Amino acid sequence: DQARRQQGLFAERFKDPKVRSAEDLQKYLEGMVESSDKEIESLCRQLAREVSDKTQSNLEIVRLKESLKMERETDAAEKQALEDALRKAREQLAEANAKVFAVE
């Protein structure tokens with residue numbers, strides 16, 4: 001009689017027909033812990049992937065910024081070289097014009 005009462009208490013308390021005794025409860029709890037452990041492992045793997053992906057993305061951003069900086073520096077140097085060449089060509093043209101007009 002007492003065993004049936006305990007079974008009834010377990011069943012009512014846990015609202016699970018599989019839990020009818022202390023052994024069932026132990027198995028039920030072990031299953032929940034195992035399930036929780038698997039879920040935690042899965043979440044940890046997911047978090048590790050997300051951290052890895054974010055790290056790779058951040059490294060790619062840094063690489064692209066460095067590449068852009070180098071391109072801008074190269075472009076600025078080329079622009080300066082072209083401006084210097086243009087200034088020198090204008091000076092030479094002015095000198096040539098001065099000689100031509102001075103001769104006349």
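**Salt bridges along a helix**

User: R63 and E60 sit about one turn of the helix apart, but in which helix do they both lie?
Analyst: Helices here are DSSP runs of H or I with at least four residues, strands are E runs of at least two, and both get numbered from the N terminus. R63 and E60 are 3 residues apart, and the element they both lie in is helix α2.

User: Before we go on, what kind of model is this, and how many helices and strands does the protein chain have?
Analyst: It's a predicted model: local features need pLDDT of at least 70, side-chain atom pairs count only at pLDDT 80 or more, and totals for chains, interfaces and linings use all residues. Residues are numbered from 1 along each chain as its sequence is written, and side-chain values use heavy atoms, leaving out hydrogens and water. As for secondary structure, the protein chain has 2 helices and 0 strands.

User: How far apart are the closest N and O atoms of R63 and E60?
Analyst: The pair counts as a salt bridge because a side-chain nitrogen of Lys or Arg lies within 4 Å of a carboxyl oxygen of Asp or Glu. For R63 and E60, the closest N and O atoms are separated by 2.7 Å.

User: Is K38 buried or exposed?
Analyst: Buried is under 20% relative accessible area, exposed is over 50%, and partly exposed is in between (1.4 Å probe, protein chains only). K38 bridges to E34, with 3.4 Å between the closest N and O atoms, and both residues lie in helix α2 (residues 22-103), 4 residues apart. E34 is partly exposed at 46%. K38 has a relative accessible area of 51%, so it counts as exposed.

User: Which residues are linked in a network of salt bridges?
Analyst: The structure holds 5 salt bridges. Those in the network link D84, R87 and E91.

User: What share of the accessible surface belongs to carbon and sulfur atoms?
Analyst: Of the 104 residues, 3% count as buried. The accessible surface, from the Shrake-Rupley method with a 1.4 Å probe (for residues, only the protein chains shown count as cover), comes to about 9,700 Å² for the protein chain. The share belonging to carbon and sulfur atoms is 55%.
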